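Welcome to a short tour of a protein structure.

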Amino acid sequence: MSESINVSGRPKTLQEAKAWMLARLASRTHPMNALPLDEGSAWIAALPGLDGESWGGWWGGLGDGVMRQASEAARAGDPERAGALYLKASGLYFMGRFPCPNHPAKERCAVAEREAYLAASQAWPSPIERVAIPFAGREGEGGQVVMLVRRPEGVARPPVVLMWGGVDACKEQMTAACDALLAQGVATVAMDNAGTGESPVRGVPDAERSFLAAMDWIAAQPDWQGDRIGLLGRSFGGYWATKLAHLVPQRIAGAVNWGGGAHHMFQPEWVEASRYPDSYLMDLVETRQRMLGAQNDAEYVAFFKRLSLLDQGLLDQPCAPLLLVNGKDDRQCPVADIHLLIESGWPKSVRLFPGGHMGLTPRTLPTIVEWLVSSMTPPKPPGGRSPPGGATSGPAKPVPR
């Protein structure tokens, strides 16, 4: 089993992919944490193929069946059961479009995933509000930024964290981070990483325009502390959190790069070495190409290289409080980028965990949430209590790590 799981340097066969998926299912690790333990093993065993039609058709068909059950429960007046079934269907559709919707069968799953996820959230204590704001895109770009907004119950003027995923995790995969922050009285806004999901832009060098548009909207909300917010970029999305922390430090109370690169990740030698890491299921190159808008392998290598923050001259500029998190044995994003960042510009906080990409342990997400909440919370005044409503927009509290 371990040999089948740890395949690298070439695409996995169907049987090797199934072994990898079963191991991730057992450990409840992305992307297999979208499936229920009790049924997931049988679904994986019956998977007919890894090509777009077989993959998207299999998971999409399963999702359709669960959606019918959810609709029946809703019509029967059982919103709790309907919500659970909608969430289950969303997970199946997510699998159907994973890692990217590069086939019509997978694109259908991507659309259905978004619909099922919104329906599921209506049964949550803090349901999702889908917000679409105008975006002044260039020719060929989209005209809106779509965000999924959640508000903590009973908190006046909460602090806010804006978050996004990587190349395969979209805003619909940010539930665990949102739930953990909401429990701390923090509002959450989830959006899609550049070049993924409903993002209006590809992963071009100035794709921060989409994130800045979301930040402008947050700052305009009178019932939030939106002038200095938290940022959480997951996997490849950590790159954009790092870039924004250097571009607009005055607008950010604390930013987290959870598994993203800065310079070494984008060099041709690393691009070549990371084509088929054992930590990724399939189609990593195709997914990255789609994110970048690259049409062939030469463009893929060239487009990646132009993202280097070192070559853009940003790393010695002032920087917002920045936490760098990863697994110390990551083969998708080089840990050398963490060393480069801590040896450049302003001091940063670092937390390395055991394991590979993103350092996925039971303590990883809690550590990130604790750091973000502390960054957005001012010190208590001597002999007093924190101001009503929690954090203010004052200076971020330093948190040693």
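## Aromatic rings

Let us begin with the rings: in this predicted model, the count of aromatic pairs comes to 14. One of them joins Phe94 and Phe98 in an edge-to-face arrangement, with 5.7 Å from centre to centre and 70° between the planes. Phe94 is buried, at a relative accessible area of 2%, and Phe98 is buried as well, with 1% relative accessibility.

Another pair to look for is Phe211 with Trp240. Their ring centres are 5.9 Å apart and their planes meet at 40°, so this pair is tilted. Phe211 belongs to helix H8 (residues 208–219) and Trp240 to helix H9 (residues 238–247), so the pair ties together parts that are 29 residues apart in sequence. Both Phe211 and Trp240 are buried. They also belong to a cluster linked by ring pairs, together with Trp164, Phe236, Tyr239, Phe266, Tyr300 and Phe304.

Trp240 brings us to its helix, H9. Nine of the ten residues of H9 are buried, so the helix is largely enclosed by the rest of the structure. The buried ones are Gly238, Tyr239, Trp240, Ala241, Thr242, Lys243, Leu244, Ala245 and His246. What covers them? The cover includes strands E3 (159–164), E5 (225–234), E6 (252–258) and E7 (322–327), along with H8 and helix H13 (336–342).

Helix H11 (residues 284–292) tells a related story: seven of its nine residues are buried, so H11 too is largely enclosed by the rest of the structure. Those residues are Leu284, Val285, Thr287, Arg288, Gln289, Met291 and Leu292, and they pack against helix H12 (297–305). After H11 comes Gly293, which has a positive phi near 80°.

## A leucine in helix H5

Next, find Leu85 in helix H5 (residues 79–97). Is this residue buried or exposed? With a relative accessibility of 8%, Leu85 counts as buried, since the cut-off is under 20%.

Leaving aside residues up to four places away in sequence, Leu85 touches Val66, Gln69, Ala70 and Ala73. Its C-alpha atom is also separated by 6.9 Å from that of Met67, a residue 18 positions away along the chain.

The bond from His30 to Pro31 is cis, with omega near 5°, and Pro31 sits in the loop between helices H2 (14–27) and H3 (37–45). The bond from Phe98 to Pro99 is cis too, with omega near -10°. Here the loop runs between H5 and helix H6 (104–121), and Pro99 lies in it.

Two residues other than glycine have a positive phi. For Ser235 the value is near 55°, and this serine lies in the loop between E5 and H9. Ser235 is buried, with a relative accessible area of 13%. Asp283 has a phi of about 60° and is found in the loop between helix H10 (268–273) and H11. Asp283 counts as partly exposed, at 25% relative accessibility.

## The whole protein

Now step back for the wider view. The protein has 14 helices and eight strands. Its radius of gyration is 21 Å, close to the 21 Å that the globule rule gives for 401 residues, so the protein is as compact as a globular protein of that length. Along the principal axes, its C-alpha atoms fill a box of roughly 60 × 55 × 45 Å.

How many of the residues count as buried? Of the 401, the share is 56%. Among contacts with a separation of 6 or more, 69% are between residues 24 or more positions apart.

Note on methods
Residues are numbered from 1 along each chain as its sequence is written. This is a predicted model: local features need pLDDT of at least 70, side-chain atom pairs count only at pLDDT 80 or more; totals for chains, interfaces and linings use all residues. Side-chain values use heavy atoms; hydrogens and water are left out. Helices (H or I, at least four residues) and strands (E, at least two) are DSSP runs, numbered from the N terminus. The radius of gyration is taken over C-alpha atoms; the globule rule is 2.2 Å times the number of residues to the power 0.38. Buried means under 20% relative accessible area, exposed over 50%, partly exposed in between (1.4 Å probe, protein chains only). Contact means heavy atoms within 4.5 Å. Rings of Phe, Tyr and Trp (its six-membered ring) pair if their centres lie within 6.5 Å; planes under 30 degrees apart count as stacked, over 60 as edge-to-face and the rest as tilted.
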